[in-house]
Amino acid sequence: MNFDYNEEQQLLADSVRRFLAKDYTFEARRKIVASSDGWSPAVWATIAEMGLTGLPFSPDYGGFGGGAVDLMGVMEAAGDALLVEPYLATVGLGAQFVARAGSEAQKKAILPVVVEGKLKMAFAHTEKGARYNLAKVDAQARKSAGAGSGWEVTGEKFVVLGAPAADKFVVSAKTDKGLSLFIVNSSSSGLKIKPYVTLDEQRAGDVSLSKVPGELLGTEGGALPVIEEVVDFATALICAEAVGAMKFACDTTLEYLKTRKQFGVPIGTFQALQHRMVDMYVSYEQAKSMACLAASKADSPVDVRKDRASAVEDRASAADRARAISAAKIKIADNCRHISQESIQLHGGMGMSEELKVSHTFRRLTMIAQQFGDAEHHLARFARLS
Amino acid sequence: MDLSYSQEESAFRDEVRVWLKTNLPQDLRDKVANYDELGREDLLRWHRILAKQGWVAPSWPKEFGGTSWNVVQRYIFEEECGFAGTPPLIPFGLSMCGPVLIRFGTEAQKKRFLPRIYQGEDFWCQGYSEPGSGSDLASLKCKAERMRDEKGGAHYIVNGQKTWTTLGHYADWIFCLVRTDSSLSKRQEGISFLLIDMKTPGITVRPLILMDGGHEVNEVFFDDVKVPAENLVYEEGKGWTVAKYLLGHERMNTGRIGASKRELAKLKEFAGRQQGDDGRPLTEDARFRDKLTRVEVELMALEITNLRFLDQMRRSGQPPGADVSMLKIKGTEIQQSLTELMMQASDPAAQAGFTGLAKRYCNFRKTTIYAGSNEIQRNIISKMTLGL
C-alpha cells in the first residue's frame, strides 16, 4: 500500500504546476477564455511538448504508457489553474476510444498525431433528453451506398465538450446491430457545430450530423462497454481535477479568513467560521481519498493485479471498476457542492465577484459535480451494481 | 500509488482472521452481535485471551510485551477485530495509563503496574471530567494536597468529584488529573497526574444511568482519600503535559472502521429483510437506499483517508497530527448514521417497546460527545492544522 506519487509522477506534476503557475495565471486564463476560440494554441503546444498529450497512450504510438494514476497530478494541477484547453476531450475521451477499441491501423493513423499535439478530438455522444444514461442514443449509422466499408452517420449530439476545437469526433450511433462508435472528421460536409461557452468557461457545442462519412471504431453493436469504460476513465480524471480545484478553494478561503478584518479582528477568529472552514478541509480530504480510489480502479482493467488482495477488495472486473467510480463520483459531487458553496459564503460579497478566481473555481466545481453523472445518477448506478 | 495491500500485509490479515475465528469464544461473539451488555468478566476474558497470544498491547515497546507491528499491521489487526465482532479492549489501561507509564513512569511504577495492565489483572478507569469541567478540562477542581507522614514519607489527600467515569464500577484503579496548586495564573501548571486505588477509603462510586437505561458511566466522589506520593506520575504540576501526550497517542483507530463495516453489512442484510410500504425489500426503496449508499461511500472515503494517514505516518515516522481529529469526526458521524438507519429500517418495530436497536440509537449519541466532542475536534484542526 502506498499513496504517494512515484518520482516520475511527482516530477511531472511539479513541472505542470510550475508551467501553469507561470504561463497560466488567472489573468492569462481570462484572456484565453475571452478569445474567440477559447483555448490557446501556445499553451496547447507546451502541453504537447511536456508530453502530456502522450501520457496515457502506449509507447508503440509515441506515448508514455501511463494510466489514470499517472494523470492524477496533472489533473489536480489543471483543476487548480482552471485549465480550459481541450485536454480532457482529447486525451481523456476522444483518443481513449481509439486506444481502447481501435484497429491497429486506426491507432497508427491517429494516436501518434494526438501524442504530438497535432490532432484534437471530442466525444459526440449525449443527446437531448438522455440526461446521464449512456445507453440512450437515437443517432443512426447506415452503410454507405456503393463499394467500400464506409458508414454514414446521422443524428443530433448535445453539449459536446471540446467540439469547436476538435479535428475528429468519436460519434456514437445505432446500426442494425446496436450501439456502435464511428470516427468522423470535423471538416466533413454534413457536420455542423453550434459552439458556445459552458458555465465553467469551457468550449462545447451541439453537433448535428447528416449522412456524415464515418469509420467504424470497435465492434459494431458492441460500443456500450467501451463507452462505460472510457467515461469511467474520464470520470476518474475529473475527480482528480476536482481535488485540485477544491484545494485551491480551501486554501484561498483560509487565506481570506486570516486577512479579512471585521469588528477589528480577522474573521477567522470567529468559531462559527472556523468550524465551517474545518468542514471544508475534511470534505477535501475525503474527496481526495475517493479520487485516489477512482484513479486506481480506472486503471485496473489494463493493469490487472490478480495476485494481490487489495485495501478495498480489488477485483479487476468492469462491474467492480464501475461501482468504485460511481462511489467516488457520489462523494466528489457532494463535496464539490459543499466546498464551492462554502468558499463563496465565507468570502462574503467578494466571493460573488467575477474578479476573484474563487468564483470561477465555483463554476468549475459546479460543472464537475454533474459532469458524467450527478450524485443521484451515481447513487442509482452504485445500487444497481451492489 | 497502489491501494492494494502487499503480500506480507495480506498474509498478516489472513493470520489474524484465522486466529480470531478459532479463538474468539462463540458466546462473546454472540453478545457483541446482539448488542448485549458486556460485563467486567466478559471484557477481561477477551483481554486475557489476547494477552496469552501476546497481542493485547501491540503498540507497547517490545520489552513490555509489544508486538513490533508497524502502523499498518496494527490497523489491520484492529480492523479485523472490529470486523469479527470481538469485545472492545478497554483503552484506559492498555492505551492510556500504560503508554503514560512507559513514557513518564518511574522504574518502580512500570514494574508494579505494566505487567498487571498487560495481563488484565487490574481494571483501569479514567478520572478526567468533572461536573464543571468538560470540554474546558483545565478548569478542573478535584484537589490533591501533599502531606508529610510522621515517618518522613509523603502522601496526597484528594477531595472532589469526577464524572462520566466510564466503567468506573468495574475498576480497580483510576488515573486522575487533580489540582495540586490553585495559586498559579496559568491553570494548566497546577495539574498533576495521580494513580488511585479504587478500594481506598473515602471513594464512592455512584451510577449515572444513560437515556438507553444502560449503566456504563459513573460519578466518583473523593472524600479525604489518602494516596501515597509514589503514585504521582511524572512531576507535580506536569499532569497537563502527560494528558497532552495521550492526546496524540494511539488515536489511529478512532475511526472504528472495522466495526462500522460490520454494522454496515448487518444493516444491509437487515434492511433487505424488511418490507417497505409497497411490500418490496427496503433496500430497493430509492429513498432508503440512497441514504444507505451515502453512508457506505462516506465509510469507503474514511477508510482510504485513514490508510493515507497511516501511510504518511509510516513514511515520516511522525505520530499522527491533529488531522486524526478528522477520523474521529467522520468515524462517529458514520457510526451514528448506521444506528439511525438501523432503527429506521425497523421503524414500526422500534416503537413497540424500547428495543435494542432504539436503545443503541440513543446510546450512540454519545460518540460525537465523548473523547473530545466533535466541536472540540474542529477547534483542534482549526488551530493546529489551519492556523486559525
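**Entry 1: the interface.** I'm working from a predicted model. I counted who takes part in the contact: 35 residues from chain A and 30 residues from chain B. On the chain A side, H7 (223–259), H8 (271–298), H9 (318–347) and H12 (375–385) each put in at least two residues. H8(A) gives the largest share, 13 residues. I sorted the chain A side by class and got 21 nonpolar, 8 polar and 6 charged residues.

**Entry 2: a helix pair in chain B.** Next I looked up H9(B) (residues 286–316) and H10(B) (residues 324–345), whose axes come within 10 Å and cross at roughly 155°. Anything over 145 counts as roughly antiparallel, so that is what I call H9(B) and H10(B). The crossing of H9(B) past H10(B) is left-handed. From H9(B), the contact residues include B:Leu292, B:Val295, B:Leu299, B:Leu302 and B:Phe309, and from H10(B) they include B:Leu327, B:Gly331, B:Ile334 and B:Leu341. By class I have 10 nonpolar, 3 polar and 3 charged residues in this contact.

**Entry 3: H13(B).** This helix (residues 374–385) has 12 residues and reaches 16 Å from first C-alpha to last, close to the 16 Å expected. Which of its residues are buried? I found B:Asn374, B:Gln377, B:Arg378, B:Asn379, B:Ile380, B:Ile381 and B:Ser382. What covers them? The cover includes H8 of chain A along with H10 of chain B. Last, I checked just past the end of H13(B), where B:Gly387 has a positive phi of about 70°.

Technical notes. Residues are numbered from 1 along each chain as its sequence is written. Chains are lettered from A and ligands numbered from 1 in the order in which they are written. This is a predicted model: local features need pLDDT of at least 70, side-chain atom pairs count only at pLDDT 80 or more; totals for chains, interfaces and linings use all residues. Two residues are in contact if their C-beta atoms, placed from the backbone, lie within 7 Å. Helices (H or I, at least four residues) and strands (E, at least two) are DSSP runs, numbered from the N terminus. Ala, Val, Leu, Ile, Met, Phe, Trp, Tyr, Cys and Pro count as nonpolar, Asp, Glu, Lys and Arg as charged, and the others, Gly among them, as polar. Axes are lines fitted to C-alpha atoms, for helices over the stretch in contact, and angles run from 0 to 180 degrees between N-to-C directions. Angles under 35 degrees count as roughly parallel, over 145 as roughly antiparallel, 65 to 115 as roughly perpendicular and the rest as oblique. A crossing is left-handed if the near helix is turned anticlockwise from the far one by less than a right angle, and right-handed if clockwise. The expected span of a helix is 1.5 Å times one less than its number of residues. A residue is buried if 20 or more other C-beta atoms lie within 10 Å of its own, exposed if 12 or fewer, and partly exposed in between; C-beta atoms are placed from the backbone.
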